[in-house]
Amino acid sequence: MINQKNVQLGRVRSAIRELFEYGKKRKAQIGEENVFDFSLGNPSVPAPAEVKEELERLVCTSDPVFLHGYTSAQGDYSVRKAIADDLNARFGAGLNADCLYMTCGAAASLCITLNALVVQGDEVITFAPFFPEYSVFAAHAGAKLVPVQSDPVTFQPDLAAFEGALGARTKAVIINSPNNPSGVVYTEQTIKALADIIARHEQRTGNAVYLVSDEPYRELVFDSATKVPFITNFCARSIVCYSYSKSLSLPGERIGYIAVNPAMQEFEEVYAGICGAGRSLGYVCAPNLFQQLVKAVTGKTSDISVYKTNRDLLCSALTDYGYTVVRPDGAFYLFVKALEEDAQKFADRAKEYELLLVPSDSFGVKGYVRISYCVDTDMIKRSLPAFLKLAESYRK
Ligand SMILES: Cc1ncc(COP(=O)(O)O)c(C=O)c1O
């Protein structure tokens, strides 16, 4: 018999994928333009022009044996140095090339990090709503995921609940800001408070707790006044899990990195653990073509103005129609309160109006739906009458 846990995992689709597959079938039945598919977080804007230019330059001018060859297991040194230099220039991050480990996107970054840190039976805290795959990643590493609720209005973490959830087996805390699915950006005050609570817990118990920041949306903020605090500046035991999937619109290319804060006392051990976990999971030598590409375009981001347009359009229309929305400062998701208690039933009713909305249950929160607005603005405009009819159906 083979591993039934994995068989089960492979058979069951995520709620998001399920809805996306339904959308594909529905579009074939009634026409693409008649289905309002807000299910997936697939960037709808192209990668910046520099990506194509640099890819062409790399392919046409580099030694193919180098370009398509293995790099060091943790990634090409010059790539890691360019990324560390960029993060230091932008955030005063205090990193160097030897703190970085190149990966295949944020999912790989998280799996490697959790496998490096966790001992069977440990707990990993995160804040609901959270990216559903955290449960899968934590379980595979041998940890129990402990969700802590957020403030029901601001969707910043509930600090008192967090303090109460820290226990003898807590090994790590995953934060995700800008957040999928709420779009909320954690303030500097929140990050400082989380770091203080962790420090107090460590002093009390003598146990190390690592703050893991899952940041695929770091650059996706709509207002220059909104700052995404860089966690190495606030917490010595911090690890950044980054991906270029959203910031450069390259989700299919699978490229990202892990940055381990060198300020932590046991840095050498933790970085060795990252290398060992990468090795045992088979995540070594991230694709070199895209390592070289991200080195050439460090600091660049896709044009995210369309996401801001979409956010403004949806927030204002949905509020007018009587919906309660969590106004997002970043990412490309809108969290909307369902018009009945059961989010699944609300999402099912939305389907009758060809609106594909993801119920919040799989994000660890009840009573909301997620709208991914990384879609054509035209589709949003066409969908608005359906949102209005859906709201009216609850007023009848
Ligand atoms: C919060 C969050 N973390 C991690 C991931 C995985 O990112 P990647 O595609 O880079 O593996 C996603 C993808 O949507 C995400 O939303």
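User: What makes β5 and β6 a pair of strands, and which residue in β6 is the bridge partner of Ala172?

Analyst: Ala172 has Tyr210 as its bridge partner in β6. Strand β5 (residues 170–176) and strand β6 (residues 210–214) are linked by 5 bridges in the parallel sense. Pairing requires that DSSP finds at least two bridges between two strands, so β5 and β6 count as paired. A strand here is a DSSP run of E with at least two residues, a helix is a run of H or I with at least four, and both are numbered from the N terminus. Please keep in mind that this is a predicted model, in which local features need pLDDT of at least 70, side-chain atom pairs count only at pLDDT 80 or more, and totals for chains, interfaces and linings use all residues. Residue numbers start from 1 along each chain as its sequence is written.

User: How do you know that β2 and β4 are edge strands?

Analyst: Have a look at the order of the open sheet of 7 strands: β2-β8-β7-β6-β5-β3-β4, with mixed pairing. β2 (100–103) and β4 each pair on one side only, and this puts them at the edges. On average, neighbouring strands of this sheet are turned by 20° against each other, direction ignored.

User: Why is the crossover from β3 to β4 called right-handed?

Analyst: Strand β3 (residues 123–127) and strand β4 (residues 144–148) pair in the parallel sense over 5 bridges, and Glu123 has Lys144 as its bridge partner in β4. From β3 the chain passes through helix α7 (residues 133–141) to β4, a right-handed β-α-β crossover. The name applies when, with the strands pointing away from the viewer, the path from the first strand over the helix to the second runs clockwise.

User: How do you know that the peptide bond between Ala128 and Pro129 is cis, and where does Pro129 lie?

Analyst: Omega is about 0° for the bond joining Ala128 and Pro129. Pro129 sits in the loop between β3 and α7. Another cis peptide bond joins Ser177 and Pro178, with omega about -10°, and Pro178 is found in the loop between β5 and α9 (188–205).

User: What makes the phi of Phe155 worth a remark?

Analyst: Phi of Phe155 is near 60°, a positive value in a residue other than glycine. Phe155 belongs to the loop between β4 and α8 (159–165).

User: Which residues of α6 and α7 meet, and what makes a residue count as in contact?

Analyst: Contact means that the C-beta atoms of two residues, placed from the backbone, lie within 7 Å. Ala107, Leu110, Cys111, Leu114 and Asn115 in α6 meet Glu133, Phe137, Ala138, His140 and Ala141 in α7. The residues of this contact divide into 7 nonpolar, 2 polar and 1 charged. Ala, Val, Leu, Ile, Met, Phe, Trp, Tyr, Cys and Pro count as nonpolar, Asp, Glu, Lys and Arg as charged, and the others, Gly among them, as polar.

User: What makes β9 and β12 the edges of their sheet?

Analyst: That open sheet has 4 strands in the order β9-β10-β13-β12, with antiparallel pairing. β9 (325–326) and β12 (358–359) each have a single partner strand, so one side of each is left without a neighbour in the sheet. For β12, strand β13 (residues 368–372) pairs over 2 bridges, with Val358 opposite Arg370.

Note on methods:
Axes fitted to C-alpha atoms, helices over the stretch in contact; angles between N-to-C directions.
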